[in-house]
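My entries follow in the order I made them.

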Amino acid sequence: MVASRSAFSYYILLGIVVMAGLSQGLLLPLLSILLEQQGVSASVNGLNSAALYIGSFAMTLIAERLVGVVGFKKLLIGGLLMVMIALPLFPLIPSIGIWFVLRLIVGAGDSALNYVAQLWVLLVTPAENRGRNLSLYGMSYGIGFSIGPLGIGLVDYGDYIPFVSLAVLFLVVLILVLRYLPEYKPERDLQEQKGFARFPRIYRYAWFALIPAFLYGYMEASLNGNFPVYGLRIGLVKEDIALLLLCIGIGGLVLQLPLGMLSDRFGRRPILITAGICGGLLFALVPLAGTHLWTNMALFLVAGGLVGSFYSLGMAYAADLLPRALIPSANVIASFHFSLGSMVGPGVGGFGMQHGSPFLLFWIMGGAYVGFGMLGFFFRGKSVKKFEKKAA
């Protein structure tokens with residue numbers, strides 16, 4: 001499926017992405033529920049959730065340089081080790097301050113995994129298959145992200161069970177990486193694209209394609225960090241909360257590949273505009289569903305399906321617009337945007353629920369997606385050839 005790389009290596013990369021999604025899909029709602037049960041306020045709970053993405057943000061600042069120095073495989077190993085070691089410490093040290101630090105470590109590790117796996121796939125995928133292959137990447141993350149909340153129920157067998165179980169899975173993936181994944185370093189021409197000037201150039205030609213990463217991070221962190229609190233406060237039970245979070249992931253899995261293939265055929269911009277506006281409107285309708293489980297499930301499935309591919313579609317669009325030499329830097333910007341959105345999301349959602357209305361969680365999110373869709377009508381992406389010709 002991916003030229004110049006063995007199929008098995010590609011599947012290992014997808015497995016790594018599954019694990020990154022699994023850790024975030026489990027830790028965000030699980031830790032939020034545990035802190036809510038301890039009486040921690042919604043705003044403090046949301047800020048603690050943001051620690052995962054502060055660590056992710058810190059990693060984005062150095063990931064590009066680390067890849068150039070140590071290579072893809074070693075950075076993957078480092079990210080796997082960071083998450084695997086931090087996980088068992090959560091139940092051993094039940095302190096909100098220590099959890100903040102551990103979330104920083106997990107966030108940095110997950111960010112390294114996502115950055116390396118996505119960049120690897122981007123660099124070896126031909127343009128005509130970019131939407132499909134990045135959709136499979138997004139589907140892999142969605143699988144992990146969707147399964148993650150189901151681990152909340154493992155707490156019934158002991159607080160340490162979900163954390164240790166996840167750490168064991170990371171160990172299995174680490175062994176596969178050590179044994180089977182080849183060494184890989186960026187090509188020389190990619191490493192030579194340094195200097196601050198490349199970032200304004202990337203924003204000039206691909207700003208619209210880089211916004212989806214922010215929105216996806218905002219949505220993911222808000223739902224996993226704030227929705228468990230929202231659900232408990234409006235009367236949903238823990239099992240319903242886990243099921244609804246699963247619906248978001250299932251929706252993304254169902255529509256991820258079709259949207260990617262449609263974007264290969266009809267273009268990324270119209271697909272992003274349509275998905276953003278429709279998904280945003282559906283999120284804004286969630287408060288009207290109240291505690292009606294089936295209505296919430298339908299809204300979450302469709303809305304999650306429409307926006308669940310935003311990160312991968314946005315990166316595919318950026319890769320269409322930019323020369324190959326600027327793709328690693330664009331990947332850094334997308335990771336930065338994702339981390340920024342993920343840090344902002346839980347704080348804004350928690351503040352809105354505590355000082356305004358719980359419904360602001362979905363109204364703000366829905367408005368952001370609709371606003372992005374409207375911006376798309378004013379963006380006219382230039383082709384790679386035009387970009388290179390003008391920049392030469």
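**Entry 1: ground rules.** I take contact to mean heavy atoms within 4.5 Å. The model is predicted, so I noted the limits: local features need pLDDT of at least 70, side-chain atom pairs count only at pLDDT 80 or more, and totals for chains, interfaces and linings use all residues. Residues are numbered from 1 along each chain as its sequence is written, and side-chain values use heavy atoms, with hydrogens and water left out.

**Entry 2: Gly225.** I looked up Gly225 and found it in helix 9 (helices, H or I, of at least four residues, and strands, E, of at least two, are DSSP runs numbered from the N terminus). Leaving aside neighbours within four places in sequence, Gly225 is in contact with Leu28, Ser32 and Ser49. Gly225 and Leu27 are 198 residues apart in sequence, yet 9.1 Å apart in space, C-alpha to C-alpha. Gly225 counts as buried at 1% relative accessibility. For this term I use under 20% relative accessible area as buried, over 50% as exposed and in between as partly exposed (1.4 Å probe, protein chains only).

**Entry 3: the whole chain.** I counted 16 helices and zero strands in the protein. Of its 392 residues, 58% count as buried. I also checked contacts between residues at least 6 apart in sequence: 88% of them join residues at least 24 apart.

Entry 4: I found Gly341 in helix 14 (residues 327–355). Gly341 is buried, with a relative accessible area of 0%. Apart from neighbours within four places in sequence, Gly341 is in contact with Phe214, Gly217 and Tyr218. I also noted Ser222, which is 119 residues from Gly341 in sequence and 9.2 Å from it in space, C-alpha to C-alpha. Leu171 lies in helix 7 (residues 161–180) and is partly exposed, with a relative accessible area of 37%. Between Leu171 and Val83 I read 88 residues in sequence and 9.8 Å in space, C-alpha to C-alpha.

**Entry 5: helix 11 and helix 15.** I then turned to helix packing. Axes are lines fitted to C-alpha atoms, for helices over the stretch in contact, and angles run from 0 to 180 degrees between N-to-C directions. The axes of helix 11 (residues 268–289) and helix 15 (residues 360–375) come within 7 Å and cross at roughly 160°. That makes helix 11 roughly antiparallel to helix 15 (under 35 degrees counts as roughly parallel, over 145 as roughly antiparallel, 65 to 115 as roughly perpendicular and the rest as oblique). The crossing of helix 11 and helix 15 is left-handed. A crossing is left-handed if the near helix is turned anticlockwise from the far one by less than a right angle, and right-handed if clockwise. Among the residues that meet are Gly276, Gly280 and Phe283 in helix 11, and Phe362, Gly366 and Tyr369 in helix 15. I sorted the residues of the contact of helix 11 with helix 15 into 15 nonpolar, four polar and no charged. Here Ala, Val, Leu, Ile, Met, Phe, Trp, Tyr, Cys and Pro count as nonpolar, Asp, Glu, Lys and Arg as charged, and the others, Gly among them, as polar.

**Entry 6: two further helix pairs.** Helix 9 and helix 15 pack at about 170°, with their axes 10 Å apart. Helix 9 and helix 15 are therefore roughly antiparallel to each other. The axes of helix 5 (residues 96–124) and helix 14 come within 10 Å and cross at roughly 145°. Helix 5 passes helix 14 in a right-handed crossing. The residues that make this contact include Tyr115 and Gln118 of helix 5 and Pro328 and Asn331 of helix 14.

**Entry 7: aromatic rings.** How many aromatic pairs does the structure hold? I found 20. Rings of Phe, Tyr and Trp (its six-membered ring) pair if their centres lie within 6.5 Å; planes under 30 degrees apart count as stacked, over 60 as edge-to-face and the rest as tilted. Trp207 and Phe208 form an edge-to-face pair, 6.0 Å centre to centre with 85° between the planes. Trp207 is partly exposed at 30% relative accessibility, whereas Phe208 is buried at 0%. The rings of Phe227 and Phe362 have centres 6.1 Å apart and planes at 80°, so this pair is edge-to-face. Phe227 in helix 9 (residues 198–234) and Phe362 in helix 15 are 135 residues apart, and the pair links distant parts of the chain. Phe227 is buried at 1% relative accessible area, and Phe362 is buried at 0%. Last, I noted one aromatic cluster formed by Trp207, Phe208, Phe283, Phe310, Tyr317, Tyr369, Phe372 and Phe379.
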